[in-house]
Amino acid sequence: MGNLVSIRGLEKRFGDFALRSVDLSVDAGCVTGLVGSNGAGKSTTIKSLLGLVNPDAGRIVLFGEEVFGPVAEGGYRRVPAADYRRCMEQVGYVPDTCPFPSALPLSSIDPLGQAMHTTWDSARFNRLMGEFGLTGKKTVKELSRGMAMKLSLAAALSFETRLLVLDEATAGLDPMARDETLDILLDYVSDGEHGILFSTHITSDLEKVADTVVCIDAGRGVFDVPKDDLRERFGIARCRVDQVEPVTAHCKAAGDRVLARRHAYSVDVLVPDRFGFARAFPDIPCDPISIEEFMAFHIRGEEL
């Protein structure tokens with residue numbers, strides 16, 4: 001496996017908002033989940049990767065080719081547009097709103113795809129449309145949000161890509177349709193040659209498919225952790241108030257950053273090794289942690 005995407009030190013300022021030194025990568029055969037609050041900088045990061053936003057600084061390497069970075073004479077710049085388009089031909093993008101004109105009949109999308117992509121696979125597109133229930137004489141504007149997302153996904157999967165970039169692609173889908181979509185995504189990366197950057201607020205989807213989870217908050221990278229490490233090693237210690245001090249001392253002695261969330265009569269503490277913690281404090285419950293809880297500790301937690 002190798003890097004399909006490597007973003008380092010990405011910076012972009014919009015008025016009062018600033019993206020500050022964000023790092024992110026997507027490996028072949030893997031799904032990188034991108035999480036964070038609304039306005040955290042996830043969309044700016046994605047648009048910078050796709051060439052829809054011009055960053056102020058940083059380095060973007062796509063399929064081994066530096067497409068944005070520093071130049072010898074100072075400053076930063078993108079590669080020529082033709083070279084960028086060549087890289088983008090290997091990227092399927094599913095935005096949070098349907099990209100097709102609202103009055104476009106569904107029957108017109110296949111010929112449109114053939115005109116746009118030299119590697120367009122009509123048979124695959126029509127098969128996916130059937131599997132997604134996108135048949136009949138409807139236009140794009142007649143689709144529900146969930147069905148419009150299925151349409152965007154079908155189009156993104158119908159030409160030869162190496163990378164899928166998904167921005168809330170499962171939003172609006174019912175649970176069964178979400179599971180079917182996640183199965184398609186897992187199949188896409190199963191050959192070890194394709195990768196996915198998956199930005200979503202539905203962290204339960206990332207529990208099922210992500211290999212790595214990256215969190216951005218207020219324009220800064222907060223964490224970048226393998227999902228299996230997050231789920232298997234970290235835990236939440238359910239402490240009484242009088243237990244917080246020895247727990248904090250134990251964690252700091254191991255060189256760990258201590259994050260906590262306070263409640264009326266208790267304090268939850270994030271511990272990086274719940275099994276080691278259970279041996280040291282057998283009387284304090286320590287539960288496995290979810291991606292959503294891990295994110296809450298890092299965004300809303302208190303450092304002790």
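In which strand is the place of Ser-21? Ser-21 belongs to strand E2, residues 17-27, where strands (E, at least two residues) and helices (H or I, at least four) are DSSP runs numbered from the N terminus. This is a predicted model, in which local features need pLDDT of at least 70 and side-chain atom pairs count only at pLDDT 80 or more, while totals for chains, interfaces and linings use all residues. Residues are numbered from 1 along each chain as its sequence is written, and side-chain values use heavy atoms, with hydrogens and water left out.

Ser-21 has a phi near 50°, a positive value in a residue other than glycine, and its relative accessible area of 43% makes it partly exposed, that is, between the buried class (under 20%) and the exposed class (over 50%), with a 1.4 Å probe and protein chains only. Phe-63, also not a glycine, has a positive phi of about 55°; Phe-63 sits in the loop between strand E4 (57-62) and strand E5 (65-70) and counts as buried at 15% relative accessibility.

Turning to the domains, an automatic or database assignment gives domain 1 (3-226) and domain 2 (234-303), whose C-alpha centres lie 35 Å apart. Between them about 830 Å² is buried, with carbon and sulfur atoms giving 78%; this is the accessible area (1.4 Å probe) that the two parts lose on being put together, summed over both. Thr-203, Glu-207 and Phe-223 supply 47% of the area that domain 1 buries against domain 2, more than any other three residues.
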